[in-house]
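Colleague: I would like to learn how to read a model like this one. Please take me through the features in turn.

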Amino acid sequence: MDIIQIIDSLEKEFANSKNFLWSKKTLVNMDKCALLIAELKANLPQAIQEASYVLSKKEQILNNANAEAKHILAEAEFRAEQLVSSSEIKKRSEKEADEIMQKTNKKCEQLYTVTKENVDKLLRSVEIYLEQNLAVVKRNRDELETAINNVKASVLEGDDD
């Protein structure tokens, strides 16, 4: 099961818990909850690996952008060398080379910016996902602790009678 399915199972376990007669206190299958929590812990490293995968893709995207920029620069240099045969052609070729360099630099900056933004969005999505799941786990733990304390309290009240 993935993390979301495990959390859903925990929620179902709490939702399907049986109420005591004339009381808001509920009885939860602690063994099942403990197994689900253990499975949740086992699956957390997988979520962390997925975040690492996203980070590794960031490097690949940046490397591709750099490779494309180098290719464009090499083409521009080659074209500029071919155009340098006379002074008029040389002037034109220098102008075109400058324009190509400016366009290349601009495109490189745009690619770099877009890549950074996309990687940031991916990382933010992973961060939000992990924060939401952490919040659910904390809330479930708090509810579980409350349920345990309620059961203990009712057992102690039953002992007093």
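The dialogue below goes from confidence to fold, then to helix packing and salt bridges.

Colleague: What kind of model is this, and how are its residues numbered?

Modeller: This is a predicted model, with residues numbered from 1 along each chain as its sequence is written. Local features need pLDDT of at least 70, side-chain atom pairs count only at pLDDT 80 or more, totals for chains, interfaces and linings use all residues, and side-chain values use heavy atoms, without hydrogens and water.

Colleague: What does the chain average in pLDDT?

Modeller: pLDDT is the predictor's confidence in each residue, from 0 to 100. The chain averages 82. At least 70 is reached by 88% of the residues.

Colleague: Which elements have the lowest and the highest mean pLDDT?

Modeller: Elements are DSSP runs numbered from the N terminus: helices are H or I with at least four residues, strands are E with at least two. Strand 1 (residues 18-19) has the lowest mean, 66. Helix 3 (residues 87-160) has the highest, 89.

Colleague: In what order do the elements run?

Modeller: From the N terminus on, the order is α-β-β-α-α. That makes three helices and two strands.

Colleague: What share of the contacts joins residues 24 or more positions apart?

Modeller: A contact means heavy atoms within 4.5 Å. Take the contacts with a separation of 6 or more: residues 24 or more positions apart account for 66% of them.

Colleague: How much of the chain is buried?

Modeller: Buried means under 20% relative accessible area, exposed over 50%, and partly exposed in between, with a 1.4 Å probe and protein chains only. Of the 161 residues in the chain, 20% are buried.

Colleague: How does the span of helix 1 compare with what its 13 residues should give?

Modeller: The expected span is 1.5 Å times one less than the number of residues. For the 13 residues of helix 1 that is 18 Å, and the end C-alpha atoms are 18 Å apart, which agrees.

Colleague: Which residues of helix 1 are buried?

Modeller: Ile3, Ile6, Ile7, Ser9, Leu10, Glu13 and Phe14 are buried in helix 1. They cover an arc of only 155° around the axis, so they sit on the same side of helix 1. The arc is taken from the directions from the helix axis to the C-beta atoms. Lys12 and Ala15, on the other side of helix 1, are exposed.

Colleague: Take Leu10. Is Leu10 buried or exposed?

Modeller: Leu10 belongs to helix 1 (residues 3-15). Its relative accessible area is 3%, so Leu10 is buried. Not counting residues up to four places away in sequence, Leu10 touches Cys33, Leu36, Ile37 and Asn140. Leu10 and Ala34 are 24 residues apart in sequence, yet 9.5 Å apart in space, C-alpha to C-alpha.

Colleague: And Asn140: where does Asn140 lie, and what does Asn140 touch?

Modeller: Asn140 lies in helix 3. At 7% relative accessibility, Asn140 counts as buried. Asn140 touches Ile7, Leu10 and Phe14, leaving out residues up to four places away in sequence.

Colleague: Which residues form the largest nonpolar core?

Modeller: A nonpolar core is a set of buried Ala, Val, Leu, Ile, Met, Phe, Trp, Tyr and Cys residues joined through side-chain atoms within 4.5 Å. The largest has 10 residues: Ile3, Ile6, Ile7, Leu10, Phe14, Cys33, Leu36, Leu40, Val136 and Leu144. Helix 1, helix 2 (30-83) and helix 3 each supply at least two residues of this core. Helix 1 gives the most, with five residues. Beyond its neighbours within four places in sequence, Leu40 is in contact with Ile3, Ile6, Ile7 and Val137.

Colleague: How many salt bridges are there?

Modeller: A salt bridge is a side-chain nitrogen of Lys or Arg within 4 Å of a carboxyl oxygen of Asp or Glu. The count by this rule is two. Lys107 pairs with Glu68, with the closest N and O atoms 3.6 Å apart. Lys107 lies in helix 3 and Glu68 in helix 2, so the pair ties together parts 39 residues apart in sequence. Lys107 is partly exposed, at 37% relative accessible area. Glu68 is also partly exposed, at 34%.
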